[in-house]
Each structure stands twice: as C-alpha cells, then as structure tokens.
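This briefing sets out selected features of the structure shown below, grouped by topic. Please read it alongside the sequence and the model.

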Amino acid sequence: MKIQVRRAVCPGSFDPVTNGHIDIVSRASYLFDEVVVAVGVNKSKNRLFSPEERIDMLTEAVREFPNVKVDGFTGLLTTYCQERDIHAIVKGLRAVSDFDYELQMAQMNSSLADIETVFVPTTPEYSFLASSLVKEVATFGGDVSGLVPDFVRERLAARIDENRRKGDQ
C-alpha cells in the first residue's frame, strides 16, 4: 500500500515577506506533510528585491517549520505543481475582494491540472497586511516592525536607503 504524501504550494511574489505570509505558511505546515513556498519570478515586473533575495528572506523566515521549503518558479503555477506532484495550492484570504480574484484563479488552475485550492482566512491581526503597503509605509519612514520579521525590516530599510542614494545621483 502506497502512502501518498500530502503536498501543497503557497505561491506569491513575497516582495517582501510579511508576518501575514508567515502565518499562512505556518498554518499550511500543520495541514500538509510538505509545503513549498513558491516565489514567482516574473522578469517583466519591477520588484524591490530580486528573486534570490526574496528566496533567501523566505528561507530564513520559515526556518522553524521542518516540513516547509522555499523555491522559485517561472511560468504557470499549475505546471510547477504537476512537475513536483503537488495537488494543493494554499492561498490566504484577507477580504471578500481577495476571494473574488482567488476563486477565478482556483477555477482556472483546476481546469488546467488536477489541483485543488485551499483558502485559509487570514488571522484578523494581519487582515490589512500586504507587501505593497509595507513597502509604501517603509518608503515614507513609517514603522513596519510587527508587520515583517526584524531581519526583513532591516533589509527593507537598507534597500530603500540604497534606492534613495541612487536617486540622488
């Protein structure tokens, strides 16, 4: 009798990883035997951090979960999943607007491959949290501690400072 390993993927851009992301990954790690946090690599999109930097930060952020690994991917998420025998996608939902978009994505993904999407409601304290908001607040000097791990906050501040110096030249 073959025992099937329950694998899931938590995809995203993670630019940067937030405590909300880590919360969803943590909860997925209890539901599945293996979880892959898959960083989408889209060269056409302008990101604050490179794919390698995002993968490094995520690897550090999820270190405490032994059944979680981090990887990057390009192209369709369904292709990535098929190549790795992954049959579940875990998506965090913050609001009804997230559900509308994610439901369409889930239906499209299931039409392309044998993949189910599992929606996990965000913990209320992170319901407003998005990477784009964290970047905006940090860019204008706001305090993002408590929204991202300390090491991410430090790297975020350094990158924003670096970009400012480049802009002053």
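## Backbone geometry

P16 is located in the loop between β1 and α1; helices (DSSP runs of H or I, at least four residues) and strands (runs of E, at least two) are numbered from the N terminus. The model is a predicted one, in which local features need pLDDT of at least 70, side-chain atom pairs count only at pLDDT 80 or more, and totals for chains, interfaces and linings use all residues. Residues are numbered from 1 along each chain as its sequence is written, and side-chain values use heavy atoms, with hydrogens and water left out.

- The peptide bond that joins D15 and P16 is cis, with omega of about 0°.
- F14 is likewise placed in the loop between β1 and α1, and its phi is near 55°, a positive value in a residue other than glycine.
- F14 counts as buried, at 4% relative accessibility; buried means under 20% relative accessible area, exposed over 50%, and partly exposed in between, with a 1.4 Å probe and protein chains only.
- D85 lies in the loop between α3 and β4, and its phi is also positive, near 55°, in a residue other than glycine.
- D85 is partly exposed, with a relative accessible area of 40%.

**Cysteines**

- The count of disulfides, each defined as a pair of cysteine sulfur atoms within 2.5 Å, comes to zero.
- C10 takes part in no disulfide, and the nearest cysteine sulfur, that of C81, is 10 Å away.
- In general terms, a disulfide is a covalent bond between the sulfur atoms of two cysteines.

**Salt bridges**

- The number of salt bridges comes to 14, where a salt bridge is a side-chain nitrogen of Lys or Arg within 4 Å of a carboxyl oxygen of Asp or Glu.
- R6 and D33 form one of these through their side chains, with an N to O distance of 3.3 Å. Because R6 lies in the segment before β1 (7–12) and D33 in the loop between α1 (19–31) and β2 (34–40), the pair ties together parts that are 27 residues apart in sequence.
- R6 is partly exposed at 45% relative accessibility, and D33 is partly exposed with a relative accessible area of 36%.
- The side chains of R7 and D85 also meet in a salt bridge, at 3.4 Å from N to O. R7 is in strand β1 and D85 in the loop between α3 (77–83) and β4 (88–93), so this pair ties together parts that are 78 residues apart in sequence.
- At 23% relative accessibility, R7 is partly exposed.
- R153 forms a salt bridge with D150, with the closest N and O atoms 3.5 Å apart. These two residues are three apart in helix α6 (residues 150–168), and are therefore separated by about one helical turn.
- R153 is partly exposed, with a relative accessible area of 28%, and D150 is partly exposed, with a relative accessible area of 47%.
- A network of salt bridges links E53, R159, E162 and K166.

**Strand β4 and A88**

- A88 belongs to strand β4 and is buried, with a relative accessible area of 6%.
- A88 and I115 are 27 residues apart along the chain, and their C-alpha atoms are separated by 5.4 Å.
- Leaving aside neighbours within four places in sequence, A88 is in contact with R7, A8, V9, F32, I115 and E116; contact means heavy atoms within 4.5 Å.

**Helix α4**

- Which span should the 17 residues of helix α4 (residues 96–112) have? At 1.5 Å a residue the helix should span 24 Å, and its end C-alpha atoms are 25 Å apart, which agrees. The expected span is 1.5 Å times one less than the number of residues in a helix.
- D98, E102, A106 and N109 are buried in α4.
- The elements that cover the buried residues of α4 include α3, β4 and β5 (116–121).
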